[in-house]
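Here is a short note to read beside the model. Keep the viewer open and check each point as you go.

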Amino acid sequence: MIIICNKQKLQDGISICQKAITGKSTMPILEGIYINATKEGITLIGSDIDVCIETKVDADVLEEGKVVIDSKIFGEIIRKLPNSDVRIEIIQDDTVQITCEKSVFNVVFMNADEFPSIPKLDIAKELKVSQSILKNMIKSTSFAIAQDETRPILQGILFEVKEKKLNLVALDGYRMAIKTEYLDNDFDIEVVIPGKTLNEVSKILEDIESIVNITFTNNHILFDLGETKIISRLLEGKYVNYLSLLPQEHKLLINVNRQELQNGIERASLMAKEGNSNLVKLEMNEESIIITSNSQLGKVREEVTANMQGDPIQIAFNSRYIIDVLKNMEDDNVQIEMTSSVSPCVIKGKEAESYKYLVLPVRLIR
């Protein structure tokens with residue numbers, strides 16, 4: 001194998017593939033990046049079995065071949081080389097030579113035949129979504145994925161296509177995030193994608209209108225971005241019936257500026273570091289929301305202008321859950337719906353109907 005490639009293009013390709021390499025596999029071969037050089041260019045693959053990322057890089061291939069090089073050392077070498085063309089060639093049975101200007105590295109490689117094959121997917125159902133929309137949908141929901149391993153299904157995001165709408169849903173038992181976009185498609189599907197997969201997909205996606213082709217099988221999902229493909233296994237099991245968790249009515253409606261509320265809660269949370277509760281209390285009045293927090297560190301009082309319809313109420317939340325929601329909303333003004341101090345609170349955009357969040361309050365001991 002002999003290839004010559006632009007350093008920056010190679011570095012970008014390595015960076016994309018490394019997102020699939022966790023370093024936690026019991027198979028040493030999965031610590032490496034698979035490089036396949038053909039007359040069309042080179043293909044780089046990173047995998048941890050659950051997630052596989054393949055990307056194509058333009059290169060002059062003088063001699064075809066394939067190797068697996070340790071991902072960490074390969075990435076570090078390429079990153080630190082001069083901004084020039086890089087030549088990679090096999091010089092012995094187990095060694096590749098990487099040359100760039102006056103830098104020469106000899107690196108031991110692994111047998112490419114031992115690298116696991118990529119799952120072959122038959123295109124049964126295919127969905128088309130713009131990169132910018134999908135990136136935004138993942139960002140708007142992924143923060144609510146459960147970190148607790150006792151319920152593996154909640155470590156994923158529900159990817160639901162229904163009635164010409166794409167719904168992404170994440171929940172962790174304390175809060176729920178729902179993001180919806182309209183699609184022109186003629187089939188319904190419901191799968192659960194590992195949260196870590198979608199977070200890595202989001203890092204690769206760009207804020208552009210280019211289309212992502214999404215293909216589903218019974219066990220896998222493929223995100224095809226053209227030069228880059230991401231294949232992930234799906235989580236097994238039935239997701240929570242999220243619609244049943246949404247309150248059907250409310251007794252209190254508050255309209256408030258999102259940024260002002262976020263700033264007030266963030267400041268109040270500085271005094272709420274005691275334990276892990278991050279407890280802040282909200283007193284909803286006719287024209288304001290009074291935010292307080294008391295701990296051994298001291299106490300704080302914040303007041304935010306708001307418009308309320310309904311009876312005043314006092315309610316407490318883990319401040320981190322509310323801040324996460326507000327940070328990921330797009331509207332300048334938000335609506336908060338409540339029924340009582342112990343029932344879930346719904347937060348949504350005043351203008352946009354495309355997202356909705358639910359947060360459970362903390363029950364106060366009186």
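1. Start with helix α4. Its buried residues are Gly 195, Thr 197, Leu 198, Glu 200, Val 201, Ser 202 and Ile 204. Buried means under 20% relative accessible area, exposed means over 50%, and partly exposed lies in between, with a 1.4 Å probe and protein chains only. α4 runs over residues 195–204 and is mostly covered, with seven of its ten residues buried. Helices (H or I, at least four residues) and strands (E, at least two) are DSSP runs, numbered from the N terminus.

2. A word on the source. This is a predicted model, where local features need pLDDT of at least 70, side-chain atom pairs count only at pLDDT 80 or more, and totals for chains, interfaces and linings use all residues. Residues are numbered from 1 along each chain as its sequence is written, and side-chain values use heavy atoms, with hydrogens and water left out.

3. Ser 132 sits in helix α3, residues 131–141. Is Ser 132 buried or exposed? Ser 132 counts as buried because its relative accessible area is 14%. Ser 132 and Ser 202 are 70 residues apart along the chain, yet 9.5 Å separate their C-alpha atoms. Ser 202 is one of the buried residues of α4.

4. Next, the whole chain. It has six helices and 25 strands. Of its 366 residues, 52% are buried. The C-alpha trace spans about 80 × 50 × 35 Å along its principal axes.

5. Look at the domains. The assignment gives domain 1 (2–114), domain 2 (125–244) and domain 3 (247–359). Such bounds come from an automatic or database domain assignment. How far apart are the centres of domain 1 and domain 3? Taken over C-alpha atoms, those centres are 49 Å apart.

6. Compare the record. An unreviewed UniProt entry lists "domain: DNA polymerase III beta sliding clamp N-terminal" for residues 1–119. That span is 18% helix and 47% strand, and its end C-alpha atoms are 25 Å apart. UniProt, again in an unreviewed entry, gives "domain: DNA polymerase III beta sliding clamp central" for residues 129–239. Here the figures are 19% helix and 42% strand, with 23 Å between the end C-alpha atoms. UniProt positions follow the numbering used here, feature names are shortened, and annotations may be inferred rather than shown by experiment.

7. What pairs with β16? Strand β15 (residues 211–216) pairs with β16 in the antiparallel sense over four bridges. Two strands pair if DSSP finds at least two bridges between them. Asn 213 stands opposite Asp 224. Three residues lie between β15 and β16 in their hairpin. Strand β17 (residues 228–233) also pairs with β16 in the antiparallel sense, over five bridges. There, Ile 221 stands opposite Ser 232. The hairpin of β16 and β17 has three residues between the strands, and Gly 226 takes a positive phi near 100°.

8. Check two backbone angles. Most residues other than glycine have a negative phi. Ile 49 has a positive phi near 80°. Ile 49 lies in the loop between β3 (41–47) and β4 (51–57). It counts as partly exposed because its relative accessibility is 49%. Glu 163 is not a glycine either, and its phi is positive at about 55°. The loop between β11 (156–162) and β12 (165–171) holds Glu 163. At 60% relative accessible area, Glu 163 is exposed.

9. Finish with the cavity. The structure holds one cavity of 30 Å³ or more. A cavity is a set of points on a 1 Å grid over the protein atoms alone where a 1.4 Å probe fits but cannot get out, and lining residues have an atom within 4 Å of a point. Grid points are joined across faces, edges and corners, and the volume is the space filled by probe spheres set on the points. The largest cavity holds about 30 Å³. Its lining includes Ile 265, Phe 317 and Ile 322. β19 (279–284), β23 (333–338) and β24 (345–349) each supply at least two lining residues. The lining has nine nonpolar residues, no polar and no charged. Ala, Val, Leu, Ile, Met, Phe, Trp, Tyr, Cys and Pro count as nonpolar, Asp, Glu, Lys and Arg as charged, and the others, Gly among them, as polar.

Methods
On a 1 Å grid over the protein atoms alone, a cavity is a set of points where a 1.4 Å probe fits but cannot get out, and a pocket is an open set with protein on both sides within 12 Å along at least five of seven lines; lining residues have an atom within 4 Å of a point.
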